[in-house]
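I opened the notebook with the coordinates on one side and the sequence on the other, and I wrote down what I looked up in the order in which I looked.

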Amino acid sequence: MKAIEIVKMARDPKRPHFFDYVKGMCSDFEELHGDRLAKDDRGLVGGFATIGGEKCVLLGHNKGATVEENVAANFGMANPDGYRKAMRLMTLAEKFGLPVVTLVDTPGAYPGREAEERGQAEAIAKSLEFCAALKTPIVVVIVGEGGSGGALAIAVGDRVLMLENAVYSVISPEGCAGILWRDGSKAADAAEALKITAADLKRLGVVDEIVPEGANGAAKSPKTAIANVKKRVLAALKELKKLDKEELVARRYGKFRAMGRFN
Amino acid sequence: MAWLEEMTAAANVPPAKDLWQVCPRCGAYVPKAEWNAANPVCPRCNYHGRMKARARIALLADEGTFAECHADVSYSDHLAFHDATGAYKDKVEATVKKTGEGESVTIGTALMGGIPVMLGAMNFFFMGGSLGTGTGERICRACEQAIAERRPLVLCSASGGARMHEGILSLMQMARTSAAIGKLKAAGLPFISILTDPTTGGVSASYAMLGDVNVAEPGVLIGFAGRRVIENTIHQKLPPDFQTAEYLEQHGFVDKIVERKDLKAFVVKTLHYMGF
Ligand SMILES: [Zn+2]
């Protein structure tokens, strides 16, 4: 399949989103709101969750299921408040010995006036520094669109899983085509060149494991996709729980330190 | 024959652009010698122009104390990237030749006011100061060396953001540099981040914003998303001073705005307060 076709699948509004995973994967979910500074961002949500008997903090981008939700959540484009809320919830997880599971699905961090004024850059930067040092396991699943810094801000984990038809990229194919091809319509060429599919990213060492989606992709087989995510997340948590905290953080540092290492 | 002499004389006058620098902000004509002597700062509007990495380092390091490290780390073309105008490898090779630099950041050890530091500066003239894997590797090594040798890190940023030609691995440099900066800070060592024109995109959203002290030059552009992208998203005009150093200071993300001529003294004083 061409990369641009996978981009279309990753963006398919019928794909399961955050609250579909909550419904399909969790026996319990207690959402916690707000960053304790200014807002409750609907584009990035989270709370206490129980997945297959495992208590954890689950958080992720929320694209919303209805038009009102889409708008309230900026289609999953988080504001700085979202990243600050994520850090707050991860602090809770660390303090009470719960692992963190993140679901990544965003076109990118929200490009807005207030987002800049409240420090979008600082919020993402801080989240990267913060996740790298968090003393509790972090399992990341790229479930749809992994859009640039807005995705990475909650994707620095011990295990990075990626759905078969998800994409993860430094820039959207359209954005890249507009700059390097000077022609936004060359998105298909840019998508190919950027190497943004799960198979490419596994080869590049950015993704640890590809999660199969079932027949015709997650939009057509949401139950299979969600069940597969649940299975892989639980397996990853089981493994990570065995490591002591210092070892865990040291390995996480080593994992990202090796990405693009100069030889 | 006077007309001939006149014509010859006219032909010997260097073109205006060799004598005058036009300030990109206020349009003032400044004699080139004066412009360069001021490390290009406009005498009329105080515009702080872009500097090459080594010129900036010369401005900050005690004379003759800078020793470059990790110069062997260069760009990598992990994706064998091609776009409409050709191969990344050819473009970056041409940049290496033109600038004489191997990457968009130059790093080394130096003394500042007699204090041993790790000192680095990004070079906007190297592919827009973009954050490639080589850039990230040099910054990570700088952090690790700073920890090993107990040196503060002073880093000047100047970047358009991630280097698209290196795809996802460019994005990952945001994570690994931020992790390395976190380690440095956790080791009790200072990170002084100097934001210069421009500090945007993935560099602003990683190490550049993580200073124990973030100091910016006057009027420089600092921001995550581009002005045009934001205007197209919110369908509003943004104020003219949006994403300037002054705007960032007002909103609480820059500790202080310091003129270029005072930068070194400010950094040295800050390090004194931090116990160095
Ligand atoms: Zn001027």
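**Entry 1: what kind of model.** I noted before anything else that this is a predicted model, and I have kept that in mind for every value below.

**Entry 2: chain A overall.** I looked up the secondary structure of chain A and found twelve helices and eight strands. Its radius of gyration is 17 Å, close to the 18 Å that the globule rule gives for 263 residues, so I put chain A down as being as compact as a globular protein of that length. The C-alpha trace of chain A spans about 50 × 40 × 40 Å along its principal axes. I then asked what share of the 263 residues of chain A counts as buried, and the figure is 59%. For contacts in chain A between residues at least 6 apart in sequence, I found that 71% join residues at least 24 apart.

**Entry 3: chain B overall.** Chain B has eleven helices and twelve strands. For its 276 residues a compact globule would have a radius of gyration near 19 Å, and I recorded 20 Å for chain B, which agrees. Along the principal axes, the C-alpha trace of chain B covers about 75 × 45 × 45 Å. Buried residues come to 49% of the 276 in chain B, and residues 24 or more positions apart account for 67% of its contacts with a separation of 6 or more.

**Entry 4: domains of chain B.** I checked the domain assignment, which gives domain 1 of chain B as 15–47 and domain 2 of chain B as 50–273. The centres of these two domains, taken over C-alpha atoms, are separated by 25 Å. How many residues of domain 1 of chain B are in contact with domain 2 of chain B? I found five, and they meet six residues of domain 2. On the domain 1 side of this contact there are three nonpolar and two polar residues, with no charged residues.

**Entry 5: where the chains meet.** I next turned to the contact between the chains, in which 48 residues of chain B are in contact with 43 residues of chain A. Which elements of chain B each supply at least two residues of the side that touches chain A? I listed strand E4 (82–83), helix H6 (133–149), helix H7 (167–186), helix H8 (201–204) and helix H9 (227–234) of chain B. The largest share of that side, 15 residues, comes from H7(B). By class, the side of chain B that touches chain A has 26 nonpolar, 19 polar and three charged residues.

**Entry 6: H8(A) against H9(A).** For chain A I took helix H8 (residues 173–181) and helix H9 (residues 187–194), which pack at an angle of about 100° with their axes 8 Å apart. That makes H8(A) roughly perpendicular to H9(A). From H8(A), the residues that meet H9(A) include A:Cys176, A:Leu180 and A:Trp181, and from H9(A) they include A:Ala190 and A:Leu194. By class I wrote down nine nonpolar, no polar and two charged residues for this contact.

**Entry 7: B:Ala61.** This residue lies in the loop between helix H4 (53–60) and strand E3 (67–68) of chain B. Is B:Ala61 buried or exposed? With 21 other C-beta atoms within 10 Å, B:Ala61 is buried, because 20 or more are needed for that class. B:Ala61 and B:Ala110 are 49 residues apart in sequence, yet 5.9 Å apart in space, C-alpha to C-alpha. Leaving out residues up to four places away in sequence, I found that B:Ala61 touches B:Phe66, B:Ala110, B:Leu111, B:Met112 and B:Leu119.

**Entry 8: A:Lys230.** I located A:Lys230 in helix H11 (residues 222–241) of chain A. A:Lys230 is partly exposed, with 18 other C-beta atoms within 10 Å. Its C-alpha atom is separated by 8.6 Å from that of A:Tyr21, 209 residues apart along the chain. Not counting residues up to four places away in sequence, A:Lys230 touches A:Met25, A:Ile51 and A:Gly52.

Terms used
Residues are numbered from 1 along each chain as its sequence is written. Chains are lettered from A and ligands numbered from 1 in the order in which they are written. This is a predicted model: local features need pLDDT of at least 70, side-chain atom pairs count only at pLDDT 80 or more; totals for chains, interfaces and linings use all residues. Two residues are in contact if their C-beta atoms, placed from the backbone, lie within 7 Å. Helices (H or I, at least four residues) and strands (E, at least two) are DSSP runs, numbered from the N terminus. Ala, Val, Leu, Ile, Met, Phe, Trp, Tyr, Cys and Pro count as nonpolar, Asp, Glu, Lys and Arg as charged, and the others, Gly among them, as polar. The radius of gyration is taken over C-alpha atoms; the globule rule is 2.2 Å times the number of residues to the power 0.38. A residue is buried if 20 or more other C-beta atoms lie within 10 Å of its own, exposed if 12 or fewer, and partly exposed in between; C-beta atoms are placed from the backbone. Domain bounds come from an automatic or database domain assignment. Axes are lines fitted to C-alpha atoms, for helices over the stretch in contact, and angles run from 0 to 180 degrees between N-to-C directions. Angles under 35 degrees count as roughly parallel, over 145 as roughly antiparallel, 65 to 115 as roughly perpendicular and the rest as oblique.
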